[in-house]
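Colleague: I would like a close look at one part of this model. Please take me through it in plain steps.

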Amino acid sequence: MNSDNTTFTEEINNPILNTGLHIILTTDEDDARPVYISGNFNQWRTQDKEFIMEKIGIGLYHYKFPHDFDYPSELLYKFTKGDWSEVEIDSRGNRTENRSTSNHTGIQKEHVARWRKNWLPFKQSFLPQVQLISDEFIIPQLNKTRKIWALLPHDYDNSSESYPVMYLQDAQNLFNEAAEFGNWEIDKKLAVMSEYKIGKIIIIAIEHAEEDRIKEYNVGKTVLGKGQGKKYIRFVTDTLKPYVDSNFRTKKEREFTGIGGSSMGGLISIFSGLRSPEVYGKLMIFSPSLWVVPELKINAEKANSADTKIYLYAGGNESATMIEHVKKFQKDLISSEFVKDKSKINLSINRQGKHSETYWSDEFPKAIEWLFFNTKKT
């Protein structure tokens, strides 16, 4: 330990200065990312600037609670690198239990062996059950068939619970290891979330129409020509959802039903939510192709009295206009009062984000948690 750290240790051991609780953290894995404390004293918020730790050496951090801090009777906490996707884990990659102390003064020494990275690693035993609903599910509205999957919670067969449902577009890129451009790894992300007792949800993954993908995800007449999106939306809403609700233990109400996707899949999900707010109470919209409909009309009269929750994501390295279009869409949603409470819209922007599955994969668990599982239970 260098001389500065020695001086620091002497200072916090001085009984005159030792008022309040000091937490000293050592870690075997260190990098430039800051370390935060999250706990029952701040609603388990990550990236809370009031609870960022001071780095005082390599792998050495310190935090001192304010002298007037209102301690809970038992302080529960965890360390993160700024998000639950980067929370502390043990040396074998397992989740750690909540740390705790009843002390309000003195020194609490802690150690973190490793940190999660992008919600990984995962445990096989928590992987969702992947069930092929049909190789050729009939789409009567389009006179076509489609491959559709259901991802069920890992303990679905040993439970009597009912679950919320998220309908996702582009199933080929959601959990397929052989996908040409990579995949979202939603099965692995759901496994980690389930290990942390969040994210028990049914995902319905609908494969896209290959060469007709853009046509199916395009609604009305746009810069891409005339689309079949209205018929596709009717299929998911009027045919697929009733089938899923009849064959799986679902929570059928709008507040437990979401739809989402990326790029053109994000665009068709927007239209699904705008056209059927009585069905979809949650929208997960990643990098939507809003350039296709520059003058998107939002009919506030169709809005449900209970606000729709919308998670919007955009990357800074996708296109020159992606962030601009998403911010305008957010503003239009609020000004039209389609969403009456702007806190129901979560706008996530990654300035380095590209138009790719890698970045959508990173957003997926964050979006699912915010849309369906706001209460932290880690």
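Colleague: Which helix and which strand each supply at least two residues of the lining of the largest pocket?

Modeller: Keep in mind that this is a predicted model. The answer is β19, residues 345-350, and α7, residues 357-372. Each of them supplies at least two residues of the lining. The top contributor is α7, which gives four residues.

Now look at the pocket itself. Empty space is found by rolling a probe the size of a water molecule over the atoms. In the largest pocket, that space comes to about 520 Å³. Its lining has 25 residues. Find the centre of the pocket on your screen. The lining residues nearest to it are T46, Q47, G82, D83 and K366.

What is the lining made of? Nine of its residues are charged. Eight are polar, and eight are nonpolar.

Strands of a sheet pair through backbone hydrogen bonds, and they can run parallel or antiparallel. Here three strands form an open sheet, in the order β2-β5-β7, with antiparallel pairing. The edges are β2, residues 36-39, and β7, residues 99-101. Each edge strand has a single partner, so one of its sides has no neighbour in the sheet. From one strand to the next, the twist averages 40 degrees.

Strand β5 covers residues 75-80, and three bridges join it to β7. These two strands run antiparallel.

Key. Residues numbered from 1 in each chain as written. Predicted model: local features only at pLDDT ≥ 70, side-chain atom pairs only at ≥ 80, totals over all residues. Heavy atoms only, no water. 1 Å grid on protein atoms, 1.4 Å probe; cavity = no way out; pocket = protein on both sides within 12 Å on 5 of 7 lines; lining within 4 Å. Points joined across faces, edges and corners; volume = space filled by probe spheres on them. Nonpolar A, V, L, I, M, F, W, Y, C, P; charged D, E, K, R; others polar. Pairing = 2+ DSSP bridges. Axes fitted to C-alpha atoms, helices over the stretch in contact; angles between N-to-C directions.
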